[in-house]
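User: I am new to this structure and would like to learn how to read it feature by feature. Could you show me the general idea each time and then the case at hand?

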Amino acid sequence: MYRAGVTAVAENLKESPLQSVHRAAGARLIPFGGWLMPLQYQDILEEHRAVRDRAGLFDVSHMGEILVLGPGAACLLQGLLTNNALLMEEGQVIYSPMCDDDGGVLDDLLVYRLGCEEYMVVVNAANTARDLNRFRSRAGEGVEIRDLSGRLALLALQGPLSEGILSALAGPALPGCYRFARLKLAGVECIVSRTGYTGEDGFELYLEAGAAPLVWNALMEEGEGRGLVPAGLGARDTLRFEASLPLYGRELNEKTTPLEAGLGRFVKLDKGPFSGRDALVKQAREGLSRRLAGLSMVDRGIPRAQCPVLAGGRTAGAVTSGGYAPTLNARLALAYLPPEMAPGDRVAVLIRGKECGALVVPLPFYKRRV
């Protein structure tokens, strides 16, 4: 989880096109993925609860966007991603890990099929340069790779009231889940997808960077009477953690496979060759040596990343993400544990040298009411 700190001032950090808006709102800014981004505007728990109960507006312009064009675009994606890009329809969004040859996760991505031979790939901020190089190195004739990251802003409107707020500005024809539409908000052309990273219904808006303050202010004005609040990366992390959504660098990395992370539904082993397929086929055949599991603390103590997890007095794994879950009023953790461990099994988390009891519990911790 993020720790409170003073407003960061650092050189060589990229700034969001909404930087002046964040400063005017009194946001606490921190370095994140090479960017200076808002951690919080008010109390993180208040922002968290607002998204669960009403709506929150996030600036996630630090995410990278890569355009893949040409007659070989789909085949390039098919060879890089674990999910099946060839089955995508125009207007569809898919989630997919991208693996190395050993099956380790290099990044987890969103892919938008913009047109017949045109795709937009959304990557994690810290991985943008590496992912861009990987796409360019694998692209053959008939494929063009463009970096859109500096041109675009990305806003995320999340929460149960987000649909009403957005439809008041863009009209009722909003996209369905993991679909997108080209809509105008405050006169600005946006790609609007029904995606997010909070466990709630919500939308993500891609638009030209220079227009971001106009659209941000229009959304905040429309949502003012509905309890919309600006929300920072602190609440984004607590929300995704409650929903058990993986974070690259925590649950996902090059030493972790998507099968271990519980992302098997996004791994299409029968689609043909792709990076990491042989290793993943072997792992699926031989069985997992560990898997991502949930923990609920029985004893006092807040589990944090890298805390050892003990079973029978021996180290069984380690916490990847942990903390207090406001919606559930519980102290929870995600950890990689042996696959034979099941909900109800008792373990201990080593917190500051003290063994604190915990129970293995099912994932996800939180699932929204539909």
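Predicted model: local features only at pLDDT ≥ 70, side-chain atom pairs only at ≥ 80, totals over all residues.

User: What share of the residues of the protein chain counts as buried?

Analyst: Buried means under 20% relative accessible area, exposed over 50%, and partly exposed in between, with a 1.4 Å probe and protein chains only. Of the 370 residues, 57% count as buried. Contact means heavy atoms within 4.5 Å, and among contacts between residues at least 6 apart in sequence, 65% join residues at least 24 apart.

User: How should I read a strand, and which strands pair with S5?

Analyst: Strands of a sheet pair through backbone hydrogen bonds, either parallel or antiparallel. Here two strands are said to pair if DSSP finds at least two bridges between them. Strand S5 (residues 64–69) is joined to strand S8 (residues 118–123) by six bridges, and the two run antiparallel; in this pairing Ile66 stands opposite Val121. Four bridges join S5 to strand S9 (residues 144–147), also antiparallel, with Leu69 opposite Glu144.

User: Are the faces of S5 covered or open?

Analyst: In a regular strand the side chains alternate between the two faces of the sheet. In S5 both faces are covered, with Gly64, Ile66 and Val68 buried on one side and Glu65, Leu67 and Leu69 buried on the other. Six of the six residues of S5 are thus buried.

User: Which strand order does the open sheet of three strands have?

Analyst: The order is S1-S3-S2, and the pairing is mixed. Strand S1 (14–15) and strand S2 (28–32) stand at the edges with a single partner strand each, so one side of each is left without a neighbour in the sheet. Two bridges join S1 to strand S3 (residues 35–40), and these strands run parallel; Glu15 has Leu36 in S3 as its bridge partner.

User: Which strands pair with S20?

Analyst: Strand S15 (residues 291–297) pairs with strand S20 (residues 354–361) in the antiparallel sense over four bridges, where Ser296 has Leu359 as its bridge partner. Strand S19 (residues 346–351) pairs with S20 in the antiparallel sense over six bridges, and Val349 stands opposite Cys356. The hairpin of S19 and S20 has two residues between the strands, and there Arg352 takes a positive phi near 55°.

User: What covers the buried residues of helix H3?

Analyst: An α-helix has 3.6 residues a turn, so residues three or four places apart point the same way. In helix H3 (residues 73–80), six of the eight residues are buried, so H3 is largely enclosed by the rest of the structure. The buried residues are Ala73, Ala74, Leu76, Leu77, Gln78 and Leu80. Their cover includes S5, strand S6 (93–99), strand S7 (105–115), S8, helix H4 (128–138) and S9.

User: Which residues does Leu80 touch?

Analyst: Leu80 is found in helix H3 and counts as buried at 1% relative accessibility. Not counting residues up to four places away in sequence, Leu80 touches Met98, Cys99, Arg134, Phe135, Arg138 and Ser275. The C-alpha atoms of Leu80 and Arg226, which are 146 residues apart along the chain, are separated by 42 Å.

User: Where does Asn127 lie, and is Asn127 buried or exposed?

Analyst: Asn127 lies in the loop between S8 and H4, and at 8% relative accessibility Asn127 counts as buried. Leaving out residues up to four places away in sequence, Asn127 touches Leu106, Asp107 and Tyr248.

Definitions and conventions. Residues numbered from 1 in each chain as written. Heavy atoms only, no water.
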